[in-house]
There are 2 protein chains.
Amino acid sequence: MPKVTFTPDGTAVTVAPGENLLRAAMLADVAVSASCGGDGTCGKCRMVVEQGTVDTTVTAKLTAEEIERGYVLACLSTVTDDVTVHVPLESRPGKAPVRGGSSRQPNVVLSPEDRAVRVPRQASPPPVAKRLLRMNAPDLTDNINDASRVKQTLKRVHGIREATISLPALRELPQAARDGEWVVTAFAAEPCDTMPIVSGFQAGDTTSRQYAVAVDVGTTTVEIALIDLNSGEVVASGNEYNSQVARGDDVISRVIAASKPGGLDDLNTLIVGTLRDLVEGALARADVSAEDIVSYYVAGNTVMTHLLLKISPEFIRTSPYVPVASEFPWMRAAQLGLPGGRATRLYVTPCPASWLGGDIVAGLVAAGVPWTEKLTLFIDVGTNGEIVLGNSEWLVSCSCSAGPAFEGGGILHGMRAADGAIEQVRIDDATLVPTIMTIGGVKPIGICGSGLIDCAAELFMCGALGRDGKFRTDLDSAHLVQGERGLEYLLVAAEESGTGRRIVLTEVDVENLMRAKAAIFSGISVLAESLDLSLDAVEEVVIAGGFGHYLDLERVTALGMVPEIAPERFVFLGNGSLLGAKLVAGSREVLRTARHTAETITYLELSVNAGFMDHYSSALFFPHTDLSLFPTTEKLRKQRFTNLAVI
Amino acid sequence: MPKVTFTPDGTAVTVAPGENLLRAAMLADVAVSASCGGDGTCGKCRMVVEQGTVDTTVTAKLTAEEIERGYVLACLSTVTDDVTVHVPLESRPGKAPVRGGSSRQPNVVLSPEDRAVRVPRQASPPPVAKRLLRMNAPDLTDNINDASRVKQTLKRVHGIREATISLPALRELPQAARDGEWVVTAFAAEPCDTMPIVSGFQAGDTTSRQYAVAVDVGTTTVEIALIDLNSGEVVASGNEYNSQVARGDDVISRVIAASKPGGLDDLNTLIVGTLRDLVEGALARADVSAEDIVSYYVAGNTVMTHLLLKISPEFIRTSPYVPVASEFPWMRAAQLGLPGGRATRLYVTPCPASWLGGDIVAGLVAAGVPWTEKLTLFIDVGTNGEIVLGNSEWLVSCSCSAGPAFEGGGILHGMRAADGAIEQVRIDDATLVPTIMTIGGVKPIGICGSGLIDCAAELFMCGALGRDGKFRTDLDSAHLVQGERGLEYLLVAAEESGTGRRIVLTEVDVENLMRAKAAIFSGISVLAESLDLSLDAVEEVVIAGGFGHYLDLERVTALGMVPEIAPERFVFLGNGSLLGAKLVAGSREVLRTARHTAETITYLELSVNAGFMDHYSSALFFPHTDLSLFPTTEKLRKQRFTNLAVI
């Protein structure tokens with residue numbers, strides 16, 4: 001991986017090829033002026049390439065002479081190979097940070113190879129696959145019926161016993177067998193929980209074309225992958241907002257909408273429509289026929305799962321908060337109105353509890369938790385923070401109402417992780433001048449979860465924000481200003497934002513963030529306590545969700561959202577729900593493990609947990625009431641304090 | 001049961017209460033003139049009640065004085081109690097038969113009580129039944145999901161483990177549970193071959209209303225019974241011609257019709273329509289809601305089964321004559337378009353071979369064959385004669401192409417067993433004057449299977465028909481006449497028939513009958529031979545089919561259709577297919593036995609059997625080439641011979 005060295009400090013960082021140069025600087029904690037979010041419009045993040053080259057876009061913000069001399073805008077440049085760049089004085093927000101050179105790696109998002117190691121590759125076929133049947137034609141001495149001939153061959157060649165052949169499949173069989181001259185391809189499911197079933201036939205050998213669709217049904221985003229079951233490769237993928245967003249941002253508002261007359265049908269139609277569009281798009285791009293989809297594998301939270309299956313989630317919302325089901329029968333994709341042939345089946349990852357869904361089960365599978373001996377802490381942060389602690393032997397879990405802060409809710413200028421969202425922030429210790437980076441590298445229009453954490457953590461670490469989440473009132477900075485709602489931190493001036501209005505962080509925002517992070521931390525504490533385990537015993541922390549990509553460990557720890565655990569023990573999973581669904585699609589043993597995981601996981605209901613409120617109150621400080629839990633953070637913070645310009 | 005004594009002979013016979021007096025006379029082998037078939041129009045069957053009374057209809061054929069003296073028309077009278085009747089000289093076709101008094105019983109058609117003894121009543125619930133679930137309402141300390149709550153109760157209270165709850169059932173569950181205040185009724189199937197499934201829910205306790213529909217899908221007739229599963233009683237029943245009859249009389253013509261473009265859909269629509277009408281009628285008569293049908297249990301021959309399920313039977317017709325399947329998955333009644341709720345399921349009795357269907361499997365069950373140690377010969381005669389030999393240990397079977405003779409096909413005046421069909425015939429030994437009885441007691445319009453057998457057997461026994469099936473040419477009878485096609489036996493004169501035309505039996509008719517009976521007998525012989533068994537070893541003979549009701553054992557044996565086995569070893573089953581379906585509806589163990597029977601029965605394909613043709617040729621005589629097989633018949637025949645008036 002390319003290494004980027006920033007002069008004059010000599011700070012170096014290793015990044016993924018193609019990484020944005022401004023992002024590399026932020027990763028290396030090199031302070032750089034940048035206020036347009038990476039749009040290339042403010043022209044502040046000027047750097048000079050000293051050794052090596054970067055891919056860059058020509059911009060009118062640089063003169064021909066500057067370009068000749070090696071100037072680039074960092075936000076418009078990407079790193080492909082080792083490079084040394086100079087950060088000139090004019091690009092620095094103030095004086096250089098005192099912090100020494102960093103050799104941090106970007107967050108380790110597990111690669112397919114990593115996951116292959118974590119999830120044992122048992123010699124196990126996909127749960128649903130095409131099976132080639134080469135049969136003898138019947139004659140007068142061997143005139144058993146077509147179905148028995150199929151079953152004999154399934155058993156003899158594929159080891160599949162006692163298969164049931166569905167009625168639609170029986171209807172297809174006689175012609176397929178004769179058209180294929182007794183070579184037929186069967187859609188055979190071995191579902192683990194019930195008997196094998198053959199759901200369809202095609203004449204001849206069509207086994208070279210068999211695909212599965214892995215689906216993550218998120219409250220906000222729906223993501224799919226079309227997998228070639230022969231190669232195991234994803235041949236097309238796609239993601240789209242869940243069109244239910246029009247009926248409310250969070251799961252609770254969806255439940256309320258579904259509880260109105262006609263609401264369930266409406267929400268079901270919306271999610272099915274989103275999925276159908278995604279799958280049809282993927283099929284078209286990969287030039288795959290819907291008839292060749294053998295199965296869908298769906299993972300989603302409990303409410304999304306209910307809505308997709310058109311099962312009322314109404315009673316999840318009111319005490320005693322029970323879902324209709326945790327396990328769902330295998331079904332036909334056509335039952336849900338999804339693209340596919342008559343044979344196409346659909347599996348739904350079980351949802352252990354109202355607030356612990358199939359997305360988490362799939363995520364655990366994707367992270368290899370059911371196979372590891374390591375004590376693992378699994379965290380998926382969204383509106384709810386789902387937390388699981390355990391290993392292959394046992395798993396205990398809870399769900400914390402983190403509230404919508406991490407998704408931009410309850411934050412004055414909060415927004416979802418979409419183009420224009422500030423997702424990374426660095427703040428100069430002395431002047432409080434921010435460096436920001438937006439998703440899509442466009443003008444900033446708001447702050448998303450990781451930007452919020454970055455911003456608050458930076459302000460806290462440099463001393464501008466107190467342990468109680470209040471701004472210091474004695475600071476000399478143009479960025480800490482009195483607004484209508486009290487002191488505000490000015491992230492983006494009106495003239496530099498994409499909306500024409502200022503983007504600020506208020507004390508109320510910080511308060512909401514405080515509550516969210518406290519919920520997560522106290523959930524973790526309750527789990528550990530329930531097992532009489534110290535958090536020191538945690539050997540690996542898995543952060544699931546797209547949220548993790550640019551989540552800065554040092555900062556997230558500084559706020560006290562996660563325990564202070566050595567950074568090398570953290571891994572970032574990405575979309576664990578989709579990854580898990582993909583893994584289940586490929587292996588019957590993985591599916592069996594997913595089912596087993598869902599059945600055996602212990603769920604702690606925090607709302608009735610005696611210790612939870614104590615833990616929560618203690619966590620309503622940065623990083624925590626008990627500073628002994630965060631010695632490293634405290635040390636770092638004290639170093640940065642010295643730079644702050646007090647009035 | 002009432003006893004009828006006929007004077008002056010003193011012949012007595014015991015009959016079922018309500019039996020027709022003319023039929024009683026035929027049963028007693030008392031010759032009576034009757035040519036209108038029991039219509040009351042010929043006025044010939046006059047009798048005088050001497051002791052006791054009969055229920056009779058007043059007729060203008062008798063004078064007031066005659067009525068005063070006790071005269072009745074036998075065909076218009078029914079027997080309710082012991083009675084002695086005089087058969088006056090004018091009612092006798094000729095001189096009285098020399099045969100002595102008979103004490104024969106009518107054919108023993110198994111009663112429900114008889115069958116209950118034969119089919120063990122294991123403590124076994126119906127395969128699909130409503131199950132009452134009284135559950136605790138969830139609270140915060142017990143907030144498992146609704147489906148798990150149902151499963152726990154199913155297991156604890158009903159012993160049903162590992163049930164799958166279908167998607168439609170999951171959709172119904174939350175509201176049903178709350179509407180019923182956690183008392184719900186589940187439609188639970190324990191199908192034997194796969195895992196238990198819950199297919200629907202109703203709020204509250206609805207277990208007092210649960211019904212099953214037993215169905216016999218015959219090629220000609222469809223018969224159903226609506227069964228109250230709580231009492232085991234049939235609350236409504238019905239039968240109707242299979243409307244597929246419009247596409248051909250026999251199974252082969254149906255297969256041909258189904259093989260044409262659009263034909264399968266057409267034939268499926270027809271049979272589904274017939275069934276739907278029957279079921280809707282039964283539901284209306286019994287005031288039962290379709291929602292309360294828990295399941296259908298269907299039995300039919302292999303072709304009818306394929307057509308009902310819309311599975312092509314095309315390849316049954318052409319070598320090597322294979323059906324698509326022998327076993328069929330449980331399905332939803334709605335999949336076939338039959339009346340019912342979303343929860344209503346449907347079971348199809350397996351069809352062991354192309355020419356051995358679920359009707360025979362059901363018949364074996366109804367006759368108790370899978371539970372008996374007795375060596376049993378089971379015969380179901382229709383277009384095909386299906387024959388099974390065995391007991392609870394083993395079963396061997398074959399199907400003989402008897403041809404359509406027994407259903408009236410290939411017989412000049414042949415017809416199906418419908419109103420106006422001559423179903424019983426007695427012939428005066430001396431004059432060859434016939435006594436006939438029609439179905440429905442209306443003017444004769446043709447001859448059905450049992451009438452054909454009666455007629456031919458009578459003619460053979462009295463010597464008018466030779467062992468080779470040819471009429472004697474030297475007889476002095478107005479009833480044996482030269483027609484266009486050679487000698488014909490005149491059964492009904494033109495002026496007495498319902499069609500205005502004569503009804504005759506031709507030598508060609510006899511030839512067709514000969515081939516049909518030879519097929520049956522040689523099938524029986526092949527089965528016995530395959531097991532190296534003598535037919536003497538047969539302990540019980542079961543005759544299935546409506547055909548058996550008035551089938552005269554002496555006569556059917558005289559023709560050599562069945563072996564000469566003591567009459568007391570014969571039982572008549574009636575519609576074994578429907579009876580079996582009804583039994584399966586009531587007991588999971590019976591269903592298991594039916595499945596096991598279908599799986600283990602050995603089917604011999606006569607068309608490739610080396611010995612079959614020899615047996616067949618030997619059987620092309622009345623009663624058989626080898627007269628030593630029929631000693632009693634031969635003795636009786638020689639007695640009757642003496643009466644024949646030779647020219």
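Which residue forms a salt bridge with A:Lys638? Select A:Glu634: the closest N and O atoms of the pair are 3.9 Å apart. A salt bridge here is a side-chain nitrogen of Lys or Arg within 4 Å of a carboxyl oxygen of Asp or Glu. Both residues sit in helix α16 (residues 631-641) of chain A, four residues apart, so about one helical turn separates them. Helices (H or I, at least four residues) and strands (E, at least two) are DSSP runs, numbered from the N terminus.

A note on the model: it is predicted, so local features need pLDDT of at least 70, side-chain atom pairs count only at pLDDT 80 or more, and totals for chains, interfaces and linings use all residues. Residues are numbered from 1 along each chain as its sequence is written, chains are lettered from A and ligands numbered from 1 in the order in which they are written, and side-chain values use heavy atoms, with hydrogens and water left out.

Now colour by accessibility. Buried means under 20% relative accessible area, exposed over 50%, partly exposed in between (1.4 Å probe, protein chains only). A:Lys638 is exposed at 53%; A:Glu634 is buried at 12%.

Next, select A:Arg555 and A:Glu458. Their closest N and O atoms are 2.6 Å apart, in a salt bridge. The pair ties helix α12 (residues 553-558) to helix α10 (residues 449-461) of chain A, as the partners are 97 residues apart in sequence.

Move to chain B. B:Arg426 forms a salt bridge with B:Asp552, at 3.1 Å between the closest N and O atoms. Both residues are buried.
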